[in-house]
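Student: I would like to learn how to read side-chain contacts in a model. Can we work through a case together?

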Amino acid sequence: MIKRFIARNAPGYIFLSPWLLGFFLLALGPILASLYLSFTKYDMVSDPRWVGFANYEYMFTRDRRFWKALEVTFTYVALAVPARLIMALSVAMLLDKGLRTIGLYRAIFYLPSLLGASIAIAILWRQLFEQNGVVNQVLAVFGIEGLAWITNPDTSLYTLVILAMWQFGSPMLIFLAGLRGIPRDLYEAAEIDGTPKWRQFTRITLPLLAPVIFFNLVLQTIESFKTFSSAFIISNGTGAPADSLLFFTVYLFNEAFKFFRMGYASALAWVLLLIIGAFTAIAFLTSKYWVHYENERD
Amino acid sequence: MLTSCALQRDRRERNGRILKHVFLIGVSVVMLYPLFWLLASSFKPENEIFGSLTLWPSSFQVENYTKGWTALPMSFTTFYINSAIVTVLSVIGNLISCSFAAYAFSRLQFTGRSFFFALMMMTLMIPYHVVLIPQYVQFLKLGWVDTYLPLVVPRFLASEAFFIFLMVQFFRQLPRELDEAAMIDGCSPFKIYWAIILPLSLPAMGTAAIFSLIWTWEDFLAPLIYLNDIKNYTVPLALRLFLDQEGQSAYGQMFAMSVLSLVPVVIFFVLFQKLIVRGIATSGMK
């Protein structure tokens, strides 16, 4: 009996063992450890000292930078995700219909997504938006006086939103694949009935694409909450100017690895985990009201 | 009457197509301009980089590359070797461990399979920042800080669940009869994995390898935390050193080294575009 049980399960668990080990040592263990650390004061020199809810209390009631970091991150997510998805969907729809040579466009539009995470691009972006950088040069052609986009706290975040928009390639590819799946005869029938284009969009494209939009929305929201390298490089590692680029991840990094407040940083990490978890949960719980999958209907 | 209608429609469609091309070319120019600007600036003399929209340099400063290569306390040869070591080991680790897990999830029967699969999917959303601090403490205690072990060992433990997901999607499409036939012939599960599943899954493995390569090559956060000594730096960390030296007017050199750091990515993109595009489209669907 037991022998047979082992024989039946052994191959599965043997192949799964690297992942299982990784899951316990690199995911579950550290998550629980950081939950524990979030209730301690820990500077890595002396042992962690239990402080109860003090970290969370300080965070929510007295830490201005925590609220600033939340504000920056939420503003970024609220702007960058829709901007990127709208761009991705519009371009995907243009590429989907009636063009034979989409390969080259697809490649050009995707390339920035692949390069975008690199430090080289973050460095480039800083220079593009400098006082005497390319963006202001272009504006000058149109007679508009430029700004110091990066060093002005009112505009610095927008440079990162534009960087996010520039990288619309991977949701675009996913939209393209989704658009391919919509049967052509639906549009042809609508065309014969004289349905206007925008109505075809709201009545055919959007509903049938809902699962793909949902997928992209969840993926991009999670990704955007995790934004780090570009914000870190463009803000010189500090969230400057005036904390306007103090992304949650940048704040966490500084608390942990610059000031060695590991306990407090762990509490920040758990708040980030809960925020992302909550967003994912909301997306999935509400999805049944606006996402209908093709195979549910037959 | 009919034919003139058709002609009119044809003409309208052609005009629409031309309009679309004009628009798409416009977008392409905007998308590519920053990259060309970077490339152009890397060849320009220092005083020409800013304040002009012209891309063509008045004279090509190849020194930006030769001087930039050795501008930091260590030469870029070291940084490229370091990046190459980390990248190659990470790709190998990802391919082995993730294909193992994906094979178990998609082709083998065992108790708790769907439970673990759900756990695996949940790890996809966990931000690296959440596990970072305990991992750092642990690796520090092991004496692994300032070595490549914290960057590479997790890859051999299938720490990037995205690749498991991608491979599961692919493995599931392969006909079950293959495994069953092989099983009847007395093949062990490992033999089936090695001789049947892997050879049939080269596109999926290729996609995973390319993404893994590019992401490791560009990775910044983990090296930033774990590598302290400049002789261990990877290319992205080295590029950041240029920023610290800003004001010493070495923009040309910084851009030159930035361009070089992107070259491998662009080459892989051009060579394997089809795999990359298909990989994104299929992992996103289903």
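Student: Which residues do ring pairs link into a cluster?

Tutor: This model is predicted. Ring pairs join Tyr13(A), Trp19(A), Phe23(A) and Phe24(A) with Phe105(B), Phe110(B), Phe115(B), Phe116(B) and Phe117(B) in a cluster. One of these rings has a charged neighbour: Arg172(B) lies over the face of Phe117(B), 5.2 Å from the ring centre.

Student: How many aromatic pairs does the structure hold over all chains?

Tutor: There are 61 aromatic pairs over all chains. Take Phe139(B) and Tyr226(B): the ring centres are 5.7 Å apart and the planes stand at 75 degrees, so this pair is edge-to-face. Phe139(B) is in helix H5 (residues 128-141) of chain B and Tyr226(B) in helix H11 (residues 221-226) of chain B, so the pair links distant parts of the chain, 87 residues apart.

Student: Are Phe139(B) and Tyr226(B) buried or exposed?

Tutor: Phe139(B) is buried, at 6% relative accessible area, and Tyr226(B) is buried too, at 0%. Now take another pair, Phe162(B) and Trp215(B): their centres lie 5.5 Å apart with planes at 55 degrees, so the pair is tilted. Phe162(B) belongs to helix H7 (residues 161-173) of chain B and Trp215(B) to helix H10 (residues 202-218) of chain B, 53 residues apart. Phe162(B) is partly exposed at 25% relative accessibility, and Trp215(B) is partly exposed at 33%.

Student: Turning to charges, how many salt bridges are found over all chains?

Tutor: A search of the whole structure gives nine. In one of them, Glu71(A) pairs with Lys68(A), the closest N and O atoms being 3.8 Å apart. The distance qualifies because the cut-off is 4 Å.

Student: Where do Glu71(A) and Lys68(A) sit in chain A?

Tutor: Both are in helix H3 (residues 64-96) of chain A; because they are three residues apart there, about one helical turn separates them. Glu71(A) is partly exposed at 46% relative accessibility, and Lys68(A) is partly exposed at 25%.

Student: What is the relative accessible area of Glu255(A), and what does Glu255(A) count as?

Tutor: Glu255(A) has a relative accessible area of 3% and is buried, whereas Arg261(A) is partly exposed at 40%. Their side chains form a salt bridge at 2.6 Å, N to O. In another bridge, Lys197(A) meets Glu191(A) at 3.4 Å; Lys197(A) is exposed at 60% and Glu191(A) partly exposed at 46%.

Student: Which residues are linked in a network of salt bridges?

Tutor: Asp96(A), Arg180(A) and Arg184(A) make up such a network.

Key: Residues numbered from 1 in each chain as written. Chains lettered and ligands numbered in written order. Predicted model: local features only at pLDDT ≥ 70, side-chain atom pairs only at ≥ 80, totals over all residues. Heavy atoms only, no water. Helix = DSSP H or I, 4+ residues; strand = E, 2+ residues; numbered from the N terminus. Buried < 20%, exposed > 50% of the residue type's maximum accessible area, 1.4 Å probe, protein only. Phe/Tyr/Trp six-rings, centres within 6.5 Å; stacked < 30°, edge-to-face > 60°. Lys NZ or Arg CZ within 6 Å of the ring centre and 35° of its normal.
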